[in-house]
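Q: I am new to this structure; could you show me how to read its domains and contacts?

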Amino acid sequence: MSFDPSSDYPLGSRRPDLVRTPAGVPLEGVTLSAVRQGLIDAGDVRATAETLRRQAAVALASGRAQLSANLERAAELTAIPPDTILEIYTALRPHRSTAAELEEWARRLEDEHGAPQAAAFVLEARAAYAERGLLAAVERARV
Amino acid sequence: MPELGLVAFDGPNDPEPSLEIADGRVVAIDGRPEAEFDAIDWFIARYGIDVHVAREAAELDDPEVARRLVDVDVPRDELVRLSRGLTPARLTRVVSLLDPVEMMFALKKLRARRAPANQAHVTNLKENPALLAADAAEAAARGFAEIETTVGVSRYAPLNAIAILVGSQTGRPGVLTQCAVEERRNLQLAIQGLVTYAETLSVYGTEPVFVDGDDTPWSKAFLASAYASRGVKVRFTSGGGSEALMGQAQGYSTLYLEARCLATIRAAGSQGVQNGSISCVALVLSLPGGVREILAENLLAAWLDLEVASGNDAIASHSEIRKTAKLMGQFLPGTDFVTSGYSVMPRYDNMFGGGNYDADDIEEWLTVQRDWQVDAGIEPVAEDELVRVRERAARAIQAVFDELGFPPVTEEEVEAATHGYDSRDLPDRDRAADVAAADRVFDECISGIDVARALDRHGFGEVAEAVLAMQRLKISADYLQTSAIVGADGAVHAAVNDPNRYSGPGTGYRLEGERWELLQSLPHVLDPAALDAAREAEGETEEPHEKVRELHVASIGNRSDEVVVAVGPAFADGLRATINGLRHGDVLRAITDGIREGGANARVVRVRRISDVAFIGHDGALLSGSGVAVGIQSKGTAVIHRADLQPLDNLELFGMSPLYTLDSYRAIGRNAAGYATGRAVGPVPTMMDNFARAKLIVRTTLLHARETAAIVPGAPPVELELG
């Protein structure tokens, strides 16, 4: 049965057939007995990109465009290791990055991580930071 | 000093609302063209305005939009849609047109989730894990939907997170938890499944303050996506006064700056916000209209379709009256979280600098809910049940520490955490060993799954199940939708599947049925039946109660020195003591002794036709040879009356029965004798306790109901003989 974002929420109770861990364990398979048998890996207890995209669709269907966009970006970030995510976060903080560095992050997001929306978000930040003097001061020194 | 931002509404630099769109792009906001955009304008213009709705909104004037906010026939969805076309200055203008009651009404209408809820703070100065777990369990049992902790020493974060996770799930499965620490640690805790939500993402209304906070709208929005990517619920934080406090309000009003924050937060795609001045509340309360401004902030957030956790956490004032008057702005309409941190433990242990309301105020909070028939998210729980969950939680965290090889939680700690008042009752722990254990949580990546396993192995199967259910939440990610909370059965209640559809009387969330039964069954409320029975028992315990004998129908006396003592229908019969606990026999003896001391003769009658003291006294006076009588009700209220006066007039009235002793009644008798014999009398000194009425009004009502029930309609008075 195909997914209907306007009626299939909550996924956990209405469409458990669609919800799996990244390792493919169905939601109902995450039980105490599975934990006892060592079948559940802590790193595996999280949403997949697909689940987050479905949540983005639910948000959009309920009229929440920006929440939807946020969840779309989140879906893209599921595959990126936390340290890298925190590096990008730090790079987006004021006066941390040069325009070239932000462009490089955007390129890596797009090319290496398949995250075009996150990449576009970083590029928009680069443009705004350049206008507002929020890029790293070192850039001027380097030029 | 408006130029410092110390102005609630209409700051000197607040711009005229405006919005220009060219080629489907926003090119000017609130008087500022694109070339002059700061980072906040840029972010809002790029992500926060729906240009189609903007054209439609431009056709409406401000009063019309304001009117729609309070029009029950304009649905929430329509108002939320309209908000997508409004700029911060326009939003500010429109809500400024509403008075406080209109704002409360609009807030009630615009709350995202159907039912309000509440959030708890749980911390303690010693960072004692057993006490954290016990307090979290109590918070959960009391119905809080979210529990927030923080740290004194940042290295403690993983232990505190584990303690409130275990405690909360012991008290009630499904409660969301967070540990407010620096973002990197916070994200790591989330990844390890030790917390389920975060609300640390602060936003400010001017660019310099945003940058001083070491963030931009883009970095915060990216962080929000990062949390969501790990299946963690996120809400942002903003609140009026922060820009002024940080010295960069730029002459804007508090409300305008908050409107910029909220527009940014929605543009970033947050599902919700913690707002309403938050930690700067005392600053905003120092401004004229400050409380109204804070309510306007909450209203704006709800209008922008954000989940609202509406402050009331930081101490707003030293004045209990001002504090609670402010609270009503959120309490009566109901927000998604009426407080963004109710201090479940005593204020002494609140490490958020909070504790506006704390452990000692819970009974009052529950009573105010009962007074208004309003659900503000806290449930009454019987004392023995609280003790049970507190101990169970302390033992659960003891087991987890044992299984994970952390420094042991001793029996003494379990005992003190269960029964103690605050962390001063807890023994000191080896803090060096505790932080070393905390480091292990990160180093060895100890997870929510490990916590569930530890609980399971030590016989805490039901807590293990609940902790595991919190892990499952991250897999389905349902609770990332707007205003999501989780029931004890694991069901997610969010604005998507459980929306507020208030559309006038009889609609929306109403406190009724089982929930109302629950919220009015307060442990400190006395059962009227029990109250009555207790009083009756009191009269009976000491010695067999003195009987009066009814002789015959009373006749009119002919002795001019006679004073009649007229008692009520239930006196010394169905009722046996006054409200002050004086036995009726003793009271009668005191009055008649007083009459004799005053040189008159006493005759006792019972008035049966009426229970009102004035008529009891007047009926007595009509029988009295001297025309003077003392009337007394069973509860002890007395009057000195005279036959020629109108029934509701009197010579002296004694309405403060809770204060009277036998000496008082003897003095009443003496004075009555004085009136009868024509001696000049000074009135019995008046006694007064204006709180007696408030304190005893229920008991008074019950006693008077008994007296009234003993009435025999139309029956003539009968003469009594003291047993």
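The dialogue below takes up the domains of each chain and then the contact between the chains.

Q: Into which domains is chain A divided?
A: A domain assignment names stretches of residues, and here, in a model that is predicted, chain A is given domain 1 (1-78) and domain 2 (80-143). The C-alpha centres of domain 1 of chain A and domain 2 of chain A lie 29 Å apart.

Q: How many residues of domain 1 of chain A are in contact with domain 2 of chain A?
A: Residues count as being in contact if their C-beta atoms, placed from the backbone, lie within 7 Å, and on that basis four residues of domain 1 of chain A touch eight residues of domain 2 of chain A. On the domain 1 side, three of the residues are charged, one is nonpolar and no polar residue takes part.

Q: Which domains does chain B have?
A: The assignment for chain B lists domain 1 (9-110), domain 2 (112-195 + 339-369 + 408-523), which is written as several segments, and domain 3 (531-722). Between the C-alpha centres of domain 2 of chain B and domain 3 of chain B there are 58 Å.

Q: How many residues does each chain bring to the contact between chain A and chain B?
A: Chain A contributes 48 residues and chain B contributes 59 residues. On the side of chain A that touches chain B, α1 (11-14), α2 (32-36), α3 (49-61), α4 (65-77), α5 (82-92) and α7 (116-132) of chain A each supply at least two residues, and the largest share, eight residues, comes from α4(A).

Q: Of which classes are the residues on that side of chain A?
A: The side of chain A that touches chain B has 31 nonpolar residues, together with ten polar and seven charged ones.

How values were computed. Residues are numbered from 1 along each chain as its sequence is written. Chains are lettered from A and ligands numbered from 1 in the order in which they are written. This is a predicted model: local features need pLDDT of at least 70, side-chain atom pairs count only at pLDDT 80 or more; totals for chains, interfaces and linings use all residues. Two residues are in contact if their C-beta atoms, placed from the backbone, lie within 7 Å. Helices (H or I, at least four residues) and strands (E, at least two) are DSSP runs, numbered from the N terminus. Ala, Val, Leu, Ile, Met, Phe, Trp, Tyr, Cys and Pro count as nonpolar, Asp, Glu, Lys and Arg as charged, and the others, Gly among them, as polar. Domain bounds come from an automatic or database domain assignment.
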